[in-house]
Amino acid sequence: MAIWIGLAGSTAGAETTHPVVVELFTSQGCSSCPPADELLAELADREDVIPLALHVDYWDYIGWKDVFATPKATKRQKGYARANGWKMIYTPQIIVNGREDVVGSRPGQVAALIEEHRSDVSHVELSLERMGDRVLIRATGDGTERPCDIHVVRYLPSEEVSIGRGENAGKTITYTHIVRDWDVAARWDGLGTFEGAVPVPAGTPVVVILQEPKNGAILAARRLR
């Protein structure tokens, strides 16, 4: 899905901070999830946070098929569990910067974890630029960062859903930051400058995340609304 332009020579980068990536693993079939969905929506206007809702499919069996659920979301959540030695996955689960998790319906704990990671220092400068139906990605490392995967995430800002069955039957819920497509576009060694382009329809919100392989730490992230 990506058309990569190439790699440039080594360039010195400066330490910088990036928005905190907050991934909520949720389901329309989970009665404990609406408070976490609301909490994620409250993060919409923060420039220092990139909230993403990943709808898992393992709740679908109880009578309501989540219209946003994807096997990719479930796979990513299980990947985090393997990478961090967690014995179980659950909803609503929030994972912050790919490193720590918290129950997504506990606003105080979520806020504290976000605050803790706001000062995470990255050794990568990451920028995005929209040009028609493409997004140009430029990442510059200072030579100290580890190799990483370049993730391209497309999401819906919000959508209202009337739920007919399952634990939330009869409710109409507005979901936000709904991940609809998530691809690993390339792997970068973290050295020099990486430049590339990915196809993204004009006006489609997109997030680019640099993350250590196999669900490791998130090193940098940027968003175009």
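User: Which residues point one way from S3 and which the other way, and are they buried or exposed?
Analyst: Val 49, Pro 51, Ala 53 and His 55 point one way from S3, while Ile 50, Leu 52 and Leu 54 point the other way, and all are buried, where buried means under 20% relative accessible area, exposed over 50% and partly exposed in between, with a 1.4 Å probe and protein chains only. Helices (H or I, at least four residues) and strands (E, at least two) are DSSP runs, numbered from the N terminus. This is a predicted model, in which local features need pLDDT of at least 70 and side-chain atom pairs count only at pLDDT 80 or more, whereas totals for chains, interfaces and linings use all residues. Residues are numbered from 1 along each chain as its sequence is written, and side-chain values use heavy atoms, with hydrogens and water left out.

User: What does S2 pair with, and in which sense?
Analyst: S2 (residues 20–26) pairs with S3 in the parallel sense over 7 bridges, two strands being counted as paired if DSSP finds at least two bridges between them. Between these strands the chain passes through helix H1 (residues 34–42), and this β-α-β crossover from S2 to S3 is right-handed, that is, with the strands pointing away from the viewer, the path from the first strand over the helix to the second runs clockwise.

User: And which residue stands opposite Glu 23 in S3?
Analyst: Leu 52 stands opposite Glu 23 in S3, and in S4 the bridge partner of Glu 23 is Ile 95. S2 and S4 run antiparallel and are joined by 4 bridges.

User: How many bridges are there between S4 and S5?
Analyst: S4 pairs with S5 (residues 100–103) over 4 bridges in the antiparallel sense, and Val 96 has Glu 100 as its bridge partner in S5. The hairpin of S4 and S5 has 3 residues between the strands, and in this hairpin Asn 97 takes a positive phi near 55°.

User: Which other residues have a positive phi although they are not glycine?
Analyst: His 177, with a phi of about 55°, lies in strand S9 and counts as buried at 7% relative accessibility. Lys 214, with a phi of about 60°, lies in the loop between S11 and S12 and is exposed, with a relative accessible area of 74%. As background, most residues other than glycine have a negative phi, and most peptide bonds are trans.

User: Where is the cis peptide bond?
Analyst: The bond from Thr 91 to Pro 92 is cis, with omega near -5°, and Pro 92 is found in the loop between H2 and strand S4 (93–96).

User: What about the largest pocket, which residues lie nearest its centre?
Analyst: Lys 72, Lys 75, Arg 76, Trp 182 and Val 184 lie nearest the centre, among 24 lining residues, and S3, helix H2 (71–84), S8 and S9 are the elements that give two or more residues to this lining. On a 1 Å grid over the protein atoms alone, a pocket is an open set of points with protein on both sides within 12 Å along at least five of seven lines, a cavity is a set where a 1.4 Å probe fits but cannot get out, and lining residues have an atom within 4 Å of a point.

User: Is Arg 76 buried or exposed?
Analyst: Arg 76, in helix H2, counts as buried at 9% relative accessibility. Arg 76 and Asn 215 are 139 residues apart in sequence and 7.5 Å apart in space, C-alpha to C-alpha.

User: Which residues line the largest cavity?
Analyst: That lining consists of Leu 24, Asp 37, Leu 40, Ala 53, His 55, Tyr 175 and Thr 176, with H1, S3 and S9 each supplying at least two of the residues.
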